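Subject: Handing over the structure

Dear colleague,

I am passing on the structure that we talked about, and below it you will find my notes on what turned up in it. Please read them slowly, with the structure open beside you.

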Amino acid sequence: MSHPAPAIAVRDLRKDFGVFQAVRGVSFDVARGEIVGFLGPNGAGKTTTIKMITGLLKITSGTVRVDGLDNRTQLVQVKRKLGYMSQKFSLYPLLTARENIEFFGGISGLSPRERARHQARMEELVPAAVLRQKVQDIPPGLRQKVAMFVCLMPDPGIVLLDEPTSGVDPEARRVFWNDIYGLKKLGKTLLVSTHNLDEAEYCDRILIIHNGELVAAGAPDELLRQRRKASIEELFKDAIEEHGQD
Amino acid sequence: MGRIKAIITKEFFHILRDPRSLTLVFIIPLVMIFILGYSISYDLNRVAAAVVDLSQSRLSRQLVRAFAANPVFAVRSRDGAGNRLSLAAAEDLLRRGEVREVIIVPADLAQRHAAGRPAEIGLVIDGSDVNVANLAYQYSERILLDLNAALMGGGRLLRLGTKVYFNPEARSQFFFIPGLVAVILLMISAMLTSLSIARERETGSIALLFISPLKSGEIIVGKTIPYIIVSLLDGAFILLFARFWFGIPIRGSLLVLLLFALLYIVAGLALGILISTTAPTQRTAMLATMLITMLPSFLLSGFIFPLDSLGWALRALSYVIPATYFLRIIRGVVLKGAELRHFLFEGGMLLALSLLLLAAATRKFARQRKAVQ
Amino acid sequence: MVRLEHISKQFGAIRAVDDVTLDIPGGAITILAGADGAGKSTLFKMLVGLAKKDAGAILLDGTDINGDYSRVTAVCGYMPERFSLYSDLSVEENMDFFAAVQQVPAPRRRELKERLLQRTGMAPFRRRRAGALSGGMKQKLALSSILLSSPRLIILDEPTTGVDPLSRIEFFAIIEDLKKEGRTIVMSTPYLDEAEKGDHIVFIRNGRVMRQDSLAGLRASFPARLFRILPAGNIFEVMRQVAADPDLAGRAHPRGRYIRCLQTGAGDPGERIPHLEMVEEQPTLEDMYIYYERQA
């Protein structure tokens, strides 16, 4: 392998907001080409961790390495490798899908030729009629697709998705995961946080975080076997109860 | 009654728990008065005047005709019963705001004229409206100069002895600020209720009120009472600011003013509820309230443009604008020391408008609530 | 306990609810499952009288309410979609307000409030402002507030949407307690894994009922079997073959290391998909929902 380092290596990561410890010493790796699911209750530290990986949030202590690069000292290079779709990432609702793509393509520093290529690919993925619609009028499933496409325009090797499926209906959710597999097929690495426990099965590995600490990590069926649980829901409950609630 | 109390208590919690909004309710009027009080000015073009002719001579009639012939003035010299105006009757007209100027022709005018001695024509001007006062004075002076010239070729036979009532310093702020208080009070009170209901709509809690056993009237009354208190305090606060910052003397009784303000506030609160029934969000409610309360109150109440100068359609509209009546009341009480009895008509109109708006708001609210029945 | 018959509602050109007939059995949990905009909320609003139905009848305890919605509201607690309580009021103040509005006598209110605070685990937060509660806690407070009038019928419009998984599990435990007390619960959800916990499940799509039955009933009448296949070789290669096969395309999707595939008729997909391992599994509600949706 030309890249011996994992795509993302997080070591003893901490984040304090005043006296509140949002993330309390989290360590994990995401291997190249892997889909890792990030599960946990609200306020458990999922979004905070993802934001620290992207460099959007200052790290209190610990390290994050992306492709072996320290995101504190080499943030510019790290940013080029990362694609990030935030929980609340929204396209401009009053602009059409195409105008959004043009805008975000424009600010992402892509060459005109690359932009044209992306544009063409989008035309294949989404019906032209939808591209002409204002984003606010596009159904949530397709809107999500456009949003993800926008995030992927700079063609990052590592993609961080923060709750991409909340508010998306069942059919669209399945289609969305198919798209994620498409990315995996292209060799991309994905870290996906989710509220929907049933999506854990889509992932190669899952991380369960609670009160800022990792309480379980591993392949879903492996974890089920180890803990002798029949469903992810039971596993989730078990992992959190074992860890103790606040 | 217990249910209304529940709503009142809850609204008070909302008010007290949100000190920022509460502060705004008191700060916004200050800022508005501050900015507008120093900047607004305007022109006028028609003045009601009364003539008290104590001389009843050929010369005095010539003088009265000169005033009557001038389009700037609308002159009257007789009262409702057709009798000549007495000094006391004219002063009463001035106090009620029915005339802006009283011209007093002295009894010895003819004698003095015959003796070739100058006579002094009394001019009493309502100074509460500075622009009108200035205008009235200048035109009156002009008319007398013309008359002098006609009588004896430029000498000074007739002299003006001017007395400015109510606002002797002729400060325009004295006139603007009570008007601003009227406009602001309406806006704030309407905004309080419209935001309060729009907020419930935004959070969805209104659905629970809708399907609760509460009567629509109970909800409206419960929502109104706490804001009456807030608005009254706000009104008193603004008046005190006007008193101590701009030095506007409150000549009449503050109690009388607050009594009228109560009626006026209820009209504003009911208007707010009416607006909120068609506003889906707090933002729309706020913009709609500002538009609906401020524009007509500024433009059609007699605040900026005198009612006489409006076309008949707008004039008719001014009769259903609460600010029209409260404006007269507040100017009268603050600047002229008018009393309760002077504004029975205005007070009655305010009461009628309040009840009408309250009924309309309840009806609209109830209708919206019973989407089905 | 409640029966809706041929209910329809039109918004302009859109048929939000289109000839819906459904039963809400007493003492059970009925779950309306469907995507955003399927008509679930509109249906609930028509049930409590917050929206006017264009056609159809609502039967409560066997008799037509005939436009007298107070019959429904007198026995029901309704929690609207995206409902949040007064965020500037404390937990207790919110509960007191709703109890007063519902005319719950003071002694009974105090007793019920204590019980609900204990049961939901909110007792330590009774003086906390609702706005400072977590999403899950807010939902529990909203639920407690509507329970103060001791409703027989509990109507919850997407109570768990956007709520985190742990809170959702806790919320459901409370719902199951309410069922044990003999109350009737009807709720909507976009989460099909959650809908599996219902006694009576109603699939709603574009304003119409696609299917309604118990989970077992739905499975029994489901015309396809589900196989979980561990493919031999690279999963992407195998999926490409699957996508090219007209018999399999649209029936199979990858999930983790496995491919899940529906099989209608005899045989199994193992004949066409090179595999190391193949197990037949119970189809989930999501499998069935998507199947029916694609049929429609």
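Two residues are said here to be in contact if their C-beta atoms, placed from the backbone, lie within 7 Å. Please keep in mind that this is a predicted model, in which local features need pLDDT of at least 70 and side-chain atom pairs count only at pLDDT 80 or more, while totals for chains, interfaces and linings use all residues. Residues are numbered from 1 along each chain as its sequence is written, and chains are lettered from A and ligands numbered from 1 in the order in which they are written.

How the chains meet

Which of the two pairs of chains in contact shares the most contacts? It is chains B and C, and their contact takes 22 residues from chain B and 24 residues from chain C. On the side of chain B that touches chain C, the elements giving two or more residues are α1 (2–17) and α8 (205–211) of chain B, and α1(B) provides the largest share, seven residues. This side of chain B has 11 nonpolar, seven polar and four charged residues. Chain A and chain B, by contrast, do not touch, and their nearest C-alpha atoms are 18 Å apart.

Chain B

Chain B has 14 helices and five strands, and of its 373 residues 44% count as buried, a word used for a residue with 20 or more other C-beta atoms within 10 Å of its own, whereas a residue with 12 or fewer is exposed and one in between is partly exposed, with the C-beta atoms placed from the backbone. The mean pLDDT of chain B is 83, with 90% of the residues scoring at least 70; pLDDT is the predictor's confidence in each residue, from 0 to 100.

Chain B is divided into domain 1 (2–39 + 171–369) and domain 2 (47–165), with bounds that come from an automatic or database domain assignment. The centres of these two domains of chain B, taken over C-alpha atoms, are separated by 40 Å.

In the loop between β1 (47–53) and α3 (58–69) of chain B you will find B:Gln56, whose phi is near 50°, a positive value in a residue other than glycine. Is B:Gln56 buried or exposed? B:Gln56 counts as exposed because it has 12 C-beta neighbours inside 10 Å.

Chain C

There are 10 helices and 14 strands in chain C, and buried residues make up 47% of its 296 residues. The C-alpha trace of chain C spans about 70 × 45 × 35 Å along its principal axes. Chain C is divided into domain 1 (2–218) and domain 2 (223–295), and the C-alpha centres of these domains of chain C lie 36 Å apart. The contact between them takes 11 residues from domain 1 of chain C and seven residues from domain 2 of chain C.

A residue in chain A

A:Asn211 lies in the loop between β9 (205–210) and β10 (213–218) of chain A, and the phi of A:Asn211 is near 50°, again a positive value in a residue other than glycine. A:Asn211 counts as partly exposed because it has 19 C-beta neighbours inside 10 Å.

With best wishes

How values were computed
Helices (H or I, at least four residues) and strands (E, at least two) are DSSP runs, numbered from the N terminus. Ala, Val, Leu, Ile, Met, Phe, Trp, Tyr, Cys and Pro count as nonpolar, Asp, Glu, Lys and Arg as charged, and the others, Gly among them, as polar.
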